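Subject: Structure for your review

Dear colleague,

Please find below the structure that I am handing over to you. My notes on what was found in it follow.

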Amino acid sequence: MNKLVFGAVILSLLAACAQTPQRSTRAKHDQLYCDRSENRSSKLCRYQEVVERRKGGSDPAKETLDGLKPKPRSIVQAAKISKATPTQIKKPSVAKITTEKPAAAIDEPATRPSQKYPQVWPRLASDLRFNTLAKHAAVEEREEWYAEHSYYLANISKRASRYIYYILENLEERDMPADLALLPFVESAYDPFAYSHGRASGLWQFVPNTAKHLGIEQNWWYDGRRDVLTATDSALDYLTDLNKRFDGDWLLTLAAYNAGAGTVNKAINKNKKKGLPTDFWSLKLPKETRNYIPKMLALVKIFKNPASYNLTLPSVPNEPHFLKVNTGSQLDLAQAAKLAEISVDELYRLNPGFNRWVTAPEGPHRLLIPREKARLFASRLIKIPARDRVRWQQYKIQRGDNLVSIARRHHVDVATLRASNQLDSDVLQVGHVLLIPDAGNGVSPLKDLNRGLASTNASRIEYKVSSGDTISGIANKYGVTSKQVFAWNKLSSESVIKPGQKLIVWGKAPQHSDKGIIRKVGYKVRDGDSLSVIASRFNLRIRDILEWNSIKTSQYLRPGQSLTLYVDITHADL
């Protein structure tokens, strides 16, 4: 009996050892850091163990937090978020509407002492700390490029004006360098709808896997990577953890944000073994990261003294651009824009996390509204019962009906019909009743957003070519084909268009106030991809993908092949 017990103990010990991978040797200071009781259970120490055990290479952007258990976030900016995974709610059921009136409360920012600077940009310049880190030839090269393209920075600064005050306030509250407010310049050009070929999205460019492990919600209705409040909070949390991990070295912190903490740590360990310095400039890191830091530091130098670089920054008052208003329930976005007396486009740019024409059933139940409109919006919203904020009409399926015809008739997209009715296929049963979402204010949001569909009521449009325009891009804007644009203007497929050139397009002019969020996306083909898979993922037509990339249906896609797509990213599976 004793022998059996002893044998069982030995087997259990062997099994435990087999489940515990060997840990690579750490540098002394790394050991000390992760052996401290207050750091032992930190996200970064646990992450480092996983990364160092991994064999073979991977995409640094995707490995950032691989292997860690998702961090639950019970509260995301005071809003309840569904805890279901994206696959669980890919096809959600109709939300239950409560009859209780929400408070429609406005989340006023804390009263702060009078600011020294009435404008945001001088305030930022006065708080920049990284200027002393920018003495390097690589920084000077980027500095010269930015100086020659000051219009580029001016355009991004105008885009940033909606968000810069909020980000600066959060950095100041956390006692973090104001320089980090320039990070979205490098990451996303301050476009909350920015999307990279590596599937990074939002102002702070989180890839799906990193977002998942940071507890950022992503589902059919809502993508927290694009949410201004959620993504900013998560990015500053993550930067704080990285900075602690790298002993307060901000260049290594930023390098880790870009390439992954494991990649930077491996480079440090290699230099230590060779007796070489371990500062950022001495490390052998990916090319993208070696360029990333100089870009950031060049921006610090320029924004420290923009006038000397011939950079004229937009006037941005040093006060909140938006206020957070509690909606209490699901709300149609076109209706919300009407209540606030702003365009749907502006509402989306302040609330880019919502993927659909309506806010998510499980939250967040709040909207960011321009400060001057917030009280008007709240006072009007509180008068509307929750049951009238999103209406669902019933439709009895008739013989000859299909999802496409029903969707067109009711001005909704097919994906919404499938999700609202939990349909696993497009086969419909005559007599079955479908629930169809209908805007509570009688306005069709999808129609207003002008998703780039071809119009049967075409008119003659004279289009002036701008820098960066392409025939396919112009065609997509007006819902026509590139071949039609070539034919209407007597151009050959080899013709090159130039800025200032005028083209004739027969189509429906886009509604500039409420247009869809269309972005040119560079997409790299992955294993298992096909034209139909890509078209479905981005809500595109196969023939458009073929035309934009000059390929034929008979050609096979190759993993790693680059495709150009024109995507409405509020209606794509990103």
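R174 counts as partly exposed, at 28% relative accessibility (partly exposed lies between buried, under 20% relative accessible area, and exposed, over 50%, with a 1.4 Å probe and protein chains only). Please note that this is a predicted model, in which local features need pLDDT of at least 70 and side-chain atom pairs count only at pLDDT 80 or more, while totals for chains, interfaces and linings use all residues. Residues are numbered from 1 along each chain as its sequence is written, and side-chain values use heavy atoms, with hydrogens and water left out.

R174 forms a salt bridge with D237, at 3.0 Å from N to O (a salt bridge is a side-chain nitrogen of Lys or Arg within 4 Å of a carboxyl oxygen of Asp or Glu). This pair links distant parts of the chain, 63 residues apart: R174 is in the loop between α7 and α8, and D237 is in helix α10. D237 counts as partly exposed because its relative accessibility is 21%.

R174 also forms a salt bridge with D233, where the closest N and O atoms are 2.9 Å apart. Because R174 lies in the loop between α7 (164–173) and α8 (183–188) and D233 in helix α10, the pair ties together parts that are 59 residues apart in sequence. D233 has 18% relative accessibility and therefore counts as buried.

**Helix α10**

Helix α10 covers residues 228–245 (helices are DSSP runs of H or I with at least four residues, strands are runs of E with at least two, and both are numbered from the N terminus). Its 18 residues reach 26 Å from the first C-alpha to the last, close to the 26 Å expected at 1.5 Å a residue (the expected span is 1.5 Å times one less than the number of residues). Of these 18 residues, 14 are buried, so α10 is largely enclosed by the rest of the structure. At the start of the helix, a side-chain oxygen of D227 comes to within 2.9 Å of the backbone nitrogen of L229. After α10 comes D247, with a positive phi near 50°.

**Other salt bridges and the whole protein**

The structure holds 16 salt bridges. One of them joins D345 and R349, with the closest N and O atoms 3.0 Å apart. Both residues lie in helix α15 (residues 344–350), four residues apart, or about one turn of the helix. D345 and R349 are both buried. R123, E169 and E172 are linked in a network of salt bridges.

The protein has 23 helices and nine strands, and buried residues make up 51% of its 574 residues.

Yours sincerely

How values were computed:
Polar contact = N/O pair within 3.5 Å; in protein donor to acceptor, adjacent residues only side chain to side chain.
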